[in-house]
Amino acid sequence: MSNPTNTFEILTWVVGPLQTSIYAIACTRTNKAVHIDCGGQAQKVLNDLKTQGFELEAIWQTHAHIDHIAGLPEIAVHSDAPIYMHPADQPLYQAAPQQAQRFGLNLSGGLPEIDHELHDNQQLSVGDLRAQVLFLPGHSPGSVGFYFEELDLLFGGDVIFAGSIGRVDLPGSSVDQMRASLERLKSLPDTTRVLPGHGPATTLGQEKRFNPFMQGF
Ligand SMILES: [Zn+2]
Ligand SMILES: [Zn+2]
């Protein structure tokens, strides 16, 4: 905790027709890594982690939309890393083939079982790095963010984007829940860096000032 600046590394890939940003964060002391949102290019993700000497310890899902889970069948063939997801997105997960069809994606292979359920305020770790699960429903019923308080860092999935928010007109979306989730994000420090599921990184300070949805909608 004393000097977190050199203790981690983040890898980013932009995958699929919806240009989904997927990530890995690694503890550079222990070389343990977690993959956040296995949305595609699973083999490349595994190769890149291996090249850097990182060991994949777990897969954490922000939610179960197809563009964030499409790589799971492939990664499960090559890795035993357990998959974490919030149970409220299980119906979406089960409907992955229909989701794929809707977006013209080809979901080859069966989806692996979810190994662990995420819940609000759960404490997770990867090597020396600690994260807190923030339950942030609205875009989907089981959307979560992974908040690394010591690193001033939030993997927000599709809850908040630079200047925008995730869609709330999809099956299982809720405008009211989204409003409450955005309120909760307002309570985090302005300096929090947000790595979203789509588009460029931002900070919560930036979004509190300039994102119209943070003023209410
Ligand atoms: Zn989504
Ligand atoms: Zn998405």
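How many bridges join strand β2 to strand β3, and do the two run parallel or antiparallel? In this predicted model, for which local features need pLDDT of at least 70, side-chain atom pairs count only at pLDDT 80 or more, and totals for chains, interfaces and linings use all residues, residues are numbered from 1 along each chain as its sequence is written. Chains are lettered from A and ligands numbered from 1 in the order in which they are written, and side-chain values use heavy atoms, with hydrogens and water left out.

Strands β2 (residues 20-27) and β3 (residues 32-36) run antiparallel and are joined by 4 bridges, with A26 standing opposite A33 in β3. Strands (E, at least two residues) and helices (H or I, at least four) are DSSP runs numbered from the N terminus, and two strands pair if DSSP finds at least two bridges between them. An open sheet of mixed pairing is formed by 6 strands in the order β1-β2-β3-β4-β5-β6, its edge strands being β1 (8-15) and β6 (116-117), each of which pairs on one side only.

The zinc ion (ligand 1) is coordinated at 2.1 to 2.3 Å by H63 (NE2), H65 (ND1), H139 (NE2) and D158 (OD), donors being N, O and S atoms within 2.8 Å of the metal (3.2 Å for Na, K and Ca), and since water is not among the atoms, sites may look incomplete. The zinc ion (ligand 1) and the zinc ion (ligand 2), which lie 3.5 Å apart, are bridged by D158. H63, in the loop between β4 and α2 (66-69), and D158, in the loop between β10 (153-157) and β11 (160-161), are 95 residues apart. Both H63 and D158 are buried, that is, under 20% relative accessible area, with exposed over 50% and partly exposed in between (1.4 Å probe, protein chains only).
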